[in-house]
2 protein chains.
Amino acid sequence: MRVGSTDEMPNQARIPYRMRRLSKAPHGRIMDGPDFEKSALIPTIAQDASSGKVLMLAYMNAESYAETLRTRRVCYYSRSRDKLWRKGEESGNVQHLKHLYYDCDGDTLLVRVEQVGGAACHEGYESCFFREVDPDTAAAHIIAEPVFDPAEVYGRS
Amino acid sequence: MRVGSTDEMPNQARIPYRMRRLSKAPHGRIMDGPDFEKSALIPTIAQDASSGKVLMLAYMNAESYAETLRTRRVCYYSRSRDKLWRKGEESGNVQHLKHLYYDCDGDTLLVRVEQVGGAACHEGYESCFFREVDPDTAAAHIIAEPVFDPAEVYGRS
């Protein structure tokens, strides 16, 4: 699994890994940041900073995490394309970083973002979670209207 | 990776996999539910149904997913203990299922829950995301107060 080497990274981007400060958690556990040594790819939840809506889940590696902090624009790591994924680079629907959190185990990230274009999903919906399951029947239903037409934005036929 | 076999599962729990209906997504793609054939363990975001706060991320396998739908109490699959994890079984802080969604790729779940006890995190915080990173310094800060003392709830010294 490819993880950005420090050679590729501009000086500023190395700060999180070289100089990260220790913050002592209660109950004696040390936790100084997301742990990319444990997992090269860390699941990252994107939440709309205004509405609180959960928009999507993607993955970050150390390099995309550093770039996100440095640029304040959310950068993921695409597992299917095996490279950095600057969210919105194709659609224009970038995510401006407002807040970034990591969880108690250091293996999940949460970003609160301003979602440009009002839609995070490549299918044109505000949120990727636009299908709800009815527990009584286990059937799924689409519960939202698309904000844009993917065929227009991505040029699909 | 262990996934619950159908033999172990009560009849009702099989419904989601045997009878799940196809819902045709826009643009011709068929998506009939979370795809446990693609990933035996699916990351699951838990969000407080009232406040919209993102509480935690854990994983479900097919068996825990079926149990969650059937019981309306959120059941995950613990990767570290390698078994079903009925959230709150030790602390009493169970999660009542209000809504369940899956994403456009069928590889992530979102549950909106009523969090009993007001805290989802085993460290006593409402949310597991209680550490925020300052992009300017890459330093982390604890941004919440614990709701309970884990030593009391879990009997740690």
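In strand β9(B), E132(B) is the bridge partner of Y101(A). This contact belongs to a predicted model, in which local features need pLDDT of at least 70, side-chain atom pairs count only at pLDDT 80 or more, and totals for chains, interfaces and linings use all residues. Residues are numbered from 1 along each chain as its sequence is written, while chains are lettered from A and ligands numbered from 1 in the order in which they are written. The predictor assigns the complex an ipTM of 0.81 and a pTM of 0.82.

**Confidence**

- Chain A has a mean pLDDT of 83, and 79% of its residues reach 70 or more; pLDDT is the predictor's confidence in each residue, from 0 to 100.
- Over residues 1-30 of chain A, pLDDT stays under 50, and the model has 48 contacts beyond four places in sequence for this stretch. Two residues are in contact if their C-beta atoms, placed from the backbone, lie within 7 Å.
- Where pLDDT is low, the predicted coordinates should not be read in detail.

**Composition of chain A**

- Chain A contains three helices and 10 strands. Helices (H or I, at least four residues) and strands (E, at least two) are DSSP runs, numbered from the N terminus.
- Along the sequence, the elements of chain A follow the pattern α-β-β-β-β-α-β-β-β-β-β-β-α.
- Of the 157 residues of chain A, 39% count as buried. A residue is buried if 20 or more other C-beta atoms lie within 10 Å of its own, exposed if 12 or fewer, and partly exposed in between, with C-beta atoms placed from the backbone.
- Among the contacts in chain A with a separation of 6 or more, 45% come from residues 24 or more positions apart.

**Sheet β4(A) to β10(B)**

- Six strands form an open sheet with mixed pairing, in the order β4(A)-β3(A)-β8(A)-β7(A)-β9(B)-β10(B). Two strands pair if DSSP finds at least two bridges between them.
- The edges are held by β4 (54-60) of chain A and β10 (140-142) of chain B; each has a single partner strand, so one side of each is left without a neighbour in the sheet.
- From one strand to the next, the twist averages 30°. Axes are lines fitted to C-alpha atoms, for helices over the stretch in contact, and angles run from 0 to 180 degrees between N-to-C directions.
- Strand β7 (residues 95-102) of chain A pairs with strand β9 (residues 131-133) of chain B in the antiparallel sense, over two bridges.
- β7(A) also runs antiparallel to strand β8 (residues 109-115) of chain A, to which seven bridges join it. Q115(A) in β8(A) is the bridge partner of Q95(A).
- The hairpin of β7(A) and β8(A) has six residues between the strands, and G106(A) in the turn has a positive phi of about 65°.

**Sheet β10(A) to β4(B)**

- A further open sheet of six strands, also with mixed pairing, has the order β10(A)-β9(A)-β7(B)-β8(B)-β3(B)-β4(B).
- Its edge strands are β10 (140-142) of chain A and β4 (54-60) of chain B, each pairing on one side only.
- Neighbouring strands of this sheet are turned by 30° against each other on average, direction ignored.
- Six bridges link strand β3 (residues 42-48) of chain B with β4(B) in the antiparallel sense. Within β4(B), L57(B) is the bridge partner of I45(B), and M60(B) is that of I42(B).
- Five residues lie between the strands of the β3(B) and β4(B) hairpin, where G52(B) takes a positive phi near 80°.
- β4(B) is mostly covered, with six of its seven residues buried.

**Individual residues and the core**

- Y102(B) is found in strand β7 (residues 95-102) of chain B and is buried, because 25 other C-beta atoms lie within 10 Å.
- Not counting residues up to four places away in sequence, Y102(B) touches R131(A), V133(A), G33(B), P34(B), T108(B) and L109(B).
- Y102(B) and D32(B) are 70 residues apart along the chain, and their C-alpha atoms are separated by 9.8 Å.
- L69(B) lies in helix α2 (residues 62-71) of chain B and is buried, with 21 other C-beta atoms within 10 Å.
- The C-alpha atoms of L69(B) and I143(B), 74 residues apart along the chain, are separated by 33 Å.
- The largest nonpolar core has 74 residues, of which C128(A) and C128(B) touch the most other members. A nonpolar core is a set of buried Ala, Val, Leu, Ile, Met, Phe, Trp, Tyr and Cys residues joined through C-beta atoms within 7 Å.
- C128(B) touches D103(A), C104(A), L55(B), M56(B), A120(B) and C121(B), not counting residues up to four places away in sequence.
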